[in-house]
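User: Could you walk me through reading a ligand site, step by step? I'd like the general idea each time and then the case at hand.
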Amino acid sequence: MPETNSITDTRATVVETRRISHDVTVITLDCPAIAASAKPGNFVNIKVSDTTLPLLRRPFSIHNVRGGLIDIMVKAAGRGSALFCDSTKGSTMMVLGPLGTCFDISGNKFNTAILVSGGIGTAPMLFLEKELKAKGIKVINLIGGRTKEELLAQELSNCRLATDDGSAGFRGTVVELLREELPALKQDGALKVFSCGPNPMLKAVAAFCREQSLRCDISLESVMGCGIGICYGCSVEVKKPDGGLRTILLCQEGPVIDAELLAV
Ligand SMILES: Cc1cc2nc3c(=O)[nH]c(=O)nc-3n(C[C@H](O)[C@H](O)[C@H](O)COP(=O)(O)OP(=O)(O)OC[C@H]3O[C@@H](n4cnc5c(N)ncnc54)[C@H](O)[C@@H]3O)c2cc1C
Ligand code: FES
C-alpha cells in the first residue's frame, strides 16, 4: 500500500459540528498541513480531551478534505468518541496525521471502483469517492447496516443499500448484496473493490473477492495507542505468501492492506 509522509502534530480548531444520526457526528477541523498531505484511507490520532480521561488519543479516518479543513465522521462508541462528538465550535484539540497507508488508486488497471462499507466503516468513503472521480473512475457504493438508521450514505453517489432487517434496500449483508450485484457490475469493465467496516465483514469481503479474483483493498480496525509504531497496541496477524502468518503493526503497515493478506 502507498504510504504517507509529512506527518504533523497540530492543535486544530473545531470549525463546525453536524449531528447526522442519533450517535454519529461529522466534525470539521481546521488543520491545513494535514489536509494538504492526506490521502484516502489515512487516519488521524486525536487527543479528544485536554484531561487524562481518556489518556490516549483515538484514531479516526479522514472522512473528507475541503481546502485546509478535514471532516471526521465519528460514532459515539465509548467515552473518547462520545466526548469528541460533543466537542463545540471553537474548541481545540491535538491532531496527529495523516497516518497509515492509503487506498491504492494508482495506475490504470481498473475503471470501476466498488466501495463496500458497513456501519461507521462508511467514514473514509467520501474522500475516496472524490479522489476516484477526479481520476475519471466510475464509483458504485454498496453500503450496509443492521437497520436503515445505521446507514451512513449521506453525500455519497450511486448508492445501493443493504440492511440486516430489510428496513431499507436489499435484505441481507452488504457482502450478499455484492454477490447479487456483481454480474451486472462486471459489464462495467475492470473492477476493483475498496472496503471498510467491522472486521468480520472485511473477512467475508476478502474471501469473496478471492473467490471471484477481484482486486480488493480493505481498511482494518484495531485498538490503537500511539498511531506511530511505538506502543505495539495495534498488532494484527496477516497471511504470508507461503500461507504462514506474520504480525504487523496496523498503524504502520495498515490500516489499508491488500485483502489477499486476510483472505482465508
Ligand atoms: C484506523 C482506524 C480508523 C477509525 N476510524 C473511525 C472513524 O472514522 N469513525 C469512528 O467513529 N471510529 C473510527 N475508528 C474507531 C474508533 O477509533 C473507536 O471507536 C474509538 O477509538 C473508541 O474509543 P472510545 O474512547 O470512544 O471507546 P472505548 O471506551 O475505548 O471503547 C468502546 C468500544 O470501542 C472499542 N474500541 C476501542 N478502541 C477501538 C479502536 N481503535 N478501534 C475499534 N474499536 C475500538 C472497544 O473495544 C469498546 O468495545 C477507527 C479506528 C481505527 C483503528
Ligand atoms: S498504535 Fe502504537 S504501535 Fe500501532
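User: How many nonpolar, polar and charged residues does the shell around ligand 1 have?

Analyst: The general idea is to sort the residues near the ligand (a heavy atom within 4 Å) by class: Ala, Val, Leu, Ile, Met, Phe, Trp, Tyr, Cys and Pro are nonpolar, Asp, Glu, Lys and Arg charged, and the others, Gly among them, polar. Here the shell has eleven nonpolar, five polar and four charged residues. Among the closest are Arg58, Pro59 and Glu221. A caution: this is a predicted model, where local features need pLDDT of at least 70, side-chain atom pairs count only at pLDDT 80 or more, and totals for chains, interfaces and linings use all residues. Residues are numbered from 1 along each chain as written, chains are lettered from A and ligands numbered from 1 in written order, and side-chain values use heavy atoms, without hydrogens and water.

User: Which element gives the largest share of the shell around ligand 1?

Analyst: Elements are DSSP runs numbered from the N terminus: helices (H or I, at least four residues) and strands (E, at least two). Strand 4 gives the largest share, four residues; strand 6 (69-75) and helix 2 (79-85) each supply at least two.

User: Which backbone atoms lie 2.8 Å or 2.9 Å from a nitrogen atom of ligand 1?

Analyst: Look for polar contacts, which with a ligand are pairs of N or O atoms within 3.5 Å. A backbone N or O atom of Met73 lies 2.8 Å from a ligand nitrogen, and one of Ser222 lies 2.9 Å from a ligand nitrogen.

Technical notes: A polar contact is a pair of N or O atoms within 3.5 Å; within protein, one must be able to donate a hydrogen and the other to accept it, and residues adjacent in sequence count only if both atoms are side-chain atoms.
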